[in-house]
Amino acid sequence: PSCFGYPVSIFFIIINEFCERFSYYGMRAVLVLYFKYFLQWDDNLSTAIYHTFVALCYLTPILGAIIADAWLGKFLTIVSLSIVYTFGQAVMAVSSINDLTDDNRDGFPDNVNLHIGLSMTGLILIALGTGGIKPCVSAFGGDQFEDDQEKQRSRFFSIFYLSINAGSLLSTIITPILRAQECGIHSKQRCYPLAFGVPAALMAVSLVVFIAGSVMYKKVKPQGNIMIQVSKCIGFAIKNRFRHRSKKFPKREHWLDWASEKYDKRLIAQTKMVLKVLFLYIPLPMFWALFDQQGSRWTLQATTMDGNFGSIQIQPDQMQTVNPILIIIMVPVVDAVIYPLIKKCKINFTPLRKITVGMFLASLAFVAAALVQVQIDKTLPVFPAAEQSQIKIINLGTYDAMVQFEPQLPHVDVKSMESTGYMTFETSQLRSLNITIGNKTTTEPISLPGGNRHTLGIKNNATSAVAIWLFDNVTSKPEEGNNLVRFINNLPDTINITMGETSFGTLMPISASDYKLFPGGRKDTIVAIRNLNACTVTSKGLGFGSAYTIVIDECAEARLNVTYSEDIPPNTIHMAWQIPQYFILTCAEVVFSVTGLEFSYSQAPSSMKAVLQAGWLLTVAVGNIIVLIVAGASKLDEQWAEYVLFAALLLAVCIIFAVMAYFYTYVDPSEVEAQLDEEEKKQAKKDQEVYENQTEADSRM
């Protein structure tokens, strides 16, 4: 049956692909943050495991292609591996339920190893599934067309590519929103089970849709795998060449010609063409090493930025959507506008030049990322070294105050109801301090542990100046754009404080609560209950990644007066500053990725497309392994330096590639094939003549 001139079966295949890509990219979008915040891994381990997983996803297609071509056929391979895949996604969703092992109900899993074990199992199954079906689905779609439907087939591949990007775009927008929700049985947490559960459900839908179209599919029998044949041919040539290494054997034109004893001329000629292209692939993994850091390093960079776009709050993992959005815009623009313009300027923009430009642009994108990182680093707070102490003073009194640090250290003036920033002292030099507030003076001895931040609250009462020391147990900026908040009760009575849904408990007069964590970018209602009367006020916007001490000054007639003291400034660099690096990297992807596959297919015979696709996917896998090696081997403390290192490495590789491309001669596979056909015809004619002569001779006898 057909619809608009297309086989009906391909609509099932396109819906299946959309759901599968939604499932994969949705899960991948939140993965690095799941490692960091749920499994509590540091940035480097999270990045390493993320890239190991992506590398696996691009190694398994080779396995999938071999299973499909040599054994099960495409249809059964897709079905069986999709089942594995759906199961993997479900395991992943289960692994992120913290209530599984959270016996003490503190909101964190008690047995983290169980969660790690489950999520690694899930990821391995997903890598097997997504990689295994990757080479089969598009080829299976191509199989549905008749030979005379060339136009429809090429349009199908365009729609197919669009459905991939549509799936990845939607899921990269939706799953981070799901992740940002709060859910849980005993304690409310970021909702990873939902963020992984929706992709799992879509994978199940994808499987059902694919099986539903079963009766309409054209199923081609497995024809034996070309990759296995090519590998055997190469292996035999090397072995045979090694056997005949002495001088007495005449040299052959190409080392692959040593396979001619066992393999036919056509396979050898085709393998030569493939190897010529694969040789050019050697520098390409470096591009993917940079490209795939969008989901790891760049997402982690976004967690230290301000995601406030007016009325919309952007989650750090949603910044990855910039890539598919730009792809959908850029592919048509580049094809319809930029390439024709370059042609008009009489520049011969060959495929290999396009790939070189793509590599150069990607390296530029990382320079942009490094520049943004330098700006972010400037805004990060400096914490005290082991032998230092940092002290901040809040004046809770009604008079201005002067604090003199002894012996012979500077004095500080603090106005009424105001606070200072953190001042850094060598801990060994701090002995005592003199506080003068109004006409009251007091002297306090100091003994502080080194390497910490402290807040000193001072106030005047009827007889003297009072000092309270607060230990600020914050050693880093709050993660994931969250905010830390604590309260000081500056009233003569005991009060009970809640902010939003978080209770800070009961606070005695002139005492402070502990810090509590709040999601970034929100405004919450602060409620203080004093002598059974409630006073309320809405907090100011605390931004992302800040820490505040809020002083309760007055609670009367249901109105609450508070003063804010900033302990750690919020993230000030806006996430929009990541757009330039995403834009440059997307331009790089358009000229690199799209051209790369087209070029490969134009330089090799049609029967060898599977080998080249495997080679191309292999470059992605190797690229992700490069990230592991470089990030592991470089002992760079500064993130911007690592970005610059990657940019420099890609630039070097880009130059090497440009040289290789310069010496490359383009071939036309159809001409080579025609030549082989011609030779085979001649050979057949010769054999025929020999046979006829032979029979003639036989008949005379």
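## Two loops with a positive phi

Glu 557 sits in the loop that joins strand E22 (547-556) to strand E23 (559-568). Its phi is near 50 degrees, a positive value in a residue that isn't glycine. This is a predicted model, and in it Glu 557 counts as exposed because its relative accessible area is 79%, where exposed means over 50%.

You'll find Leu 532 in the loop between strand E20 (525-530) and strand E21 (533-538). Leu 532 isn't a glycine either, yet its phi is positive, at about 70 degrees. Leu 532 is exposed too, with a relative accessible area of 82%.

## Stepping back to the whole chain

Zoom out and you can count 16 helices and 23 strands in the chain. The radius of gyration is 33 Å, well over the 27 Å that the globule rule gives for 701 residues, so the chain is more spread out than a compact globule. Along its principal axes, the C-alpha trace spans about 140 × 55 × 50 Å.

Buried residues make up 51% of the 701 residues. Of the contacts with a separation of 6 or more, 72% are between residues 24 or more positions apart. As for the surface, the chain exposes about 32,800 Å², and carbon and sulfur atoms supply 61% of that.

## How the chain is divided

The domain assignment gives domain 1 (9-224), domain 2 (264-379 + 572-667), domain 3 (384-472) and domain 4 (476-570). The centres of domain 1 and domain 2, taken over C-alpha atoms, are separated by 23 Å. Where these two meet, domain 1 puts 33 residues into the contact and domain 2 puts in 28 residues.

## Asp 102 and helix H4

Asp 102 is in the loop between helix H3 (74-95) and helix H4 (112-143). With a relative accessible area of 2%, Asp 102 is buried. Setting aside residues up to four places away in sequence, Asp 102 touches Gly 107, Phe 108, Asp 110 and Ser 187. Phe 196 is 94 residues from Asp 102 in sequence, and their C-alpha atoms are 19 Å apart in space.

## Helix H11 and what covers it

Helix H11 (residues 322-344) has 23 residues and reaches 31 Å from its first C-alpha to its last, close to the expected 33 Å. H11 bends by about 45 degrees at Val 334. Val 334 is also one of the buried residues of H11, a list that includes Pro 324, Met 330 and Tyr 339. The cover over those buried residues includes helix H5 (150-180), helix H9 (285-291), helix H12 (351-379) and helix H13 (579-602). Just past the end of H11, Lys 346 takes a positive phi of about 60 degrees.

Leaving aside neighbours within four places in sequence, Lys 354 is in contact with Tyr 339, Phe 349, Val 591 and Thr 595. Tyr 339 is a name you've met already, as one of the buried residues of H11.

Conventions. Residues numbered from 1 in each chain as written. Predicted model: local features only at pLDDT ≥ 70, side-chain atom pairs only at ≥ 80, totals over all residues. Heavy atoms only, no water. Helix = DSSP H or I, 4+ residues; strand = E, 2+ residues; numbered from the N terminus. Expected span 1.5 Å × (residues − 1). Bend = angle between axes of the 7 residues up to and from the residue. Buried < 20%, exposed > 50% of the residue type's maximum accessible area, 1.4 Å probe, protein only. Contact = heavy atoms within 4.5 Å. Rg over C-alpha atoms; globule rule 2.2 N^0.38 Å. Areas by Shrake-Rupley, 256 points an atom, 1.4 Å probe, with all protein chains shown as cover. Domains from an automatic or database assignment.
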